[in-house]
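Please open the structure in your viewer and keep the selection tool at hand.

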Amino acid sequence: MSLDIHPWVFFTSAALIVLFVAVTIIFQSYLGNFFADMQGAMSKYAGWFFIWTMNIVLVFVLVTLIGKFGDIRLGGPDAEPEFSTMGWFAMLFSAGMGIGLLFYGVAEPMFHYTANPLTDAGSEEAARKAMDITFLHWGLHPWGIYTIVGLALAFFSFNKNLPLSIRTAFYPIFGEKIYGWIGNTIDIIATVATLFGVATSLGLGVQQVNAGLDHLLGIGQSKMIQVALIACITGIATWSVIKGLDKGIRRLSEINISLAFILLVFVFLLGPTLFILDALLENIGYYVQFLPQLSTWNETYEHTQWQHGWTIFYWAWWIAWSPFVGMFIARVSYGRTIKQFILGVLLVPTFVTFIWITVFGNTAIFIEMFGAGGIAAAVQENIPVSMFVLLDNFPLSKITSTITVFVIVAFFVTSSDSGSMVIDIITSGGNPNPPVLSRLFWAILEGAVAAALLLGGGLVALQTAAITTGLPFAIVLLGMCYALHKGLADYAGPQEFKITAPGMKKSRNLTVKRKPSLDKTFGRRRLW
């Protein structure tokens, strides 16, 4: 195995992350309050900026969908997709949501049903608003962020022959300067944000695995057990790394989706089926109706801090995840048109996410409102156990809980593997097939960061890491929107040439509308 890396990006990023792990482990007993204070300060002073960023990016993506660039094919007019539509969708969905939906699919609607600043707790309106808020956090906004990053990287890499790296998207702004310190800085920010975004999800996932195993086997729940689980699951992820993209991530992603679908159908058929069908339509209608209002709400007049632990955390988490998910989606989306790409990455996963949240979230609300109850109290006491408490209300709960644990582990492995692949692509200078040895290094480091965050402050530390690393990359995202529009306009727009025909006294400008094709102007090169 060889080690082919960009020295500035690789070693600077690794040093910053290793330093964080060392400090967190050494001073773990002092960091709980520090992380809590830091999360509050970041949310208070930068919350408005996160909200603006998410809305601007979503509007930009929707305008691009209905604009004139939809027929441009990623890779040129003759490019063919590398993966089947099902395999493509399974990989992007596993990377994009995975562990999070299993962790919060039951817990978040129940939290908002019992406590949110907009309605009275436990009322019918609270149930509606709980689903609306959950839809906001898991709907178009996060997938819009993934879409812009993935589309920018895919276009500039496949159609402009630039390296597959975050800095690539800024060629229209900085030109050849992307090969210098400016580009290095962008990639270092992206690497650190990606690793902490993935580590946040791994930390949430391992808490739920621990809760599930305790629910099934009574092993208890503690930080040391969770660290041991991280070590074991990270070891499994190394197998996926060695197997590669097609045999590793793709195969596990398809297994994930299949088992998750079985779990979904099981709850749908044995749960309050008619209530779920009614709720899905009403939830979507409520979401569309109140999306402009809720997505721009900033607690200005309420003067509360509820958003700090919810909306602001989510926006920062999705932004921190976006280099990872966006680059991974770009890597597997060769041959798709821009319209296919946006529809596949923005609308289809959003609708599937809404189905998942409705089946599990509304089932929990139904049990709480009209059935035996008890789920809300369990969620308040221990968030990771929420899915398993819900499954206890159904037959075969031991089997379905076991399947849930397996799905969480599989999502953990695919997140770790695909995250390490993306970081390796960035730190190897945009090589779309990075060396296995450095991917193993990043996979192990992701596990170490997740373990350090759990030891240093648990869920609060995970949320703080997402918010802190998401803030600088939010600035990068806004620049990426401008750069992508400029690049697409230059690629698909009319080209102007100066000609001098025989008998002409001076040159004249001739504008020619060209057919988009693979632009060889920027031949692919190493970044160092």
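A residue is called buried when its relative accessible area is under 20%, exposed when over 50%, and partly exposed in between, with a 1.4 Å probe and protein chains only. The model is predicted, so local features need pLDDT of at least 70 and side-chain atom pairs count only at pLDDT 80 or more, while totals for chains, interfaces and linings use all residues. Residues are numbered from 1 along each chain as its sequence is written, and side-chain values use heavy atoms, with hydrogens and water left out.

First selection: please select Thr-400, which is found in helix 16 (residues 397-427). Helices are DSSP runs of H or I with at least four residues, numbered from the N terminus. Thr-400 has a relative accessible area of 5% and is therefore buried. Leaving aside neighbours within four places in sequence, Thr-400 is in contact with Leu-263, Phe-266 and Leu-391; contact means heavy atoms within 4.5 Å.

Next, please select Phe-360. Not counting residues up to four places away in sequence, Phe-360 touches Gly-105, Val-106, Leu-263, Leu-264, Val-267, Met-387 and Leu-390. Phe-360 and Ile-166 have the most contacts inside the largest nonpolar core, which has 166 residues. Helix 17 (residues 436-492) gives the most to this core, with 19 residues. A nonpolar core is a set of buried Ala, Val, Leu, Ile, Met, Phe, Trp, Tyr and Cys residues joined through side-chain atoms within 4.5 Å.

Finally, please select Leu-136, His-137 and Trp-138 in helix 6, which meet His-141, Pro-142 and Trp-143 in helix 7.

Conventions:
Helices (H or I, at least four residues) and strands (E, at least two) are DSSP runs, numbered from the N terminus.
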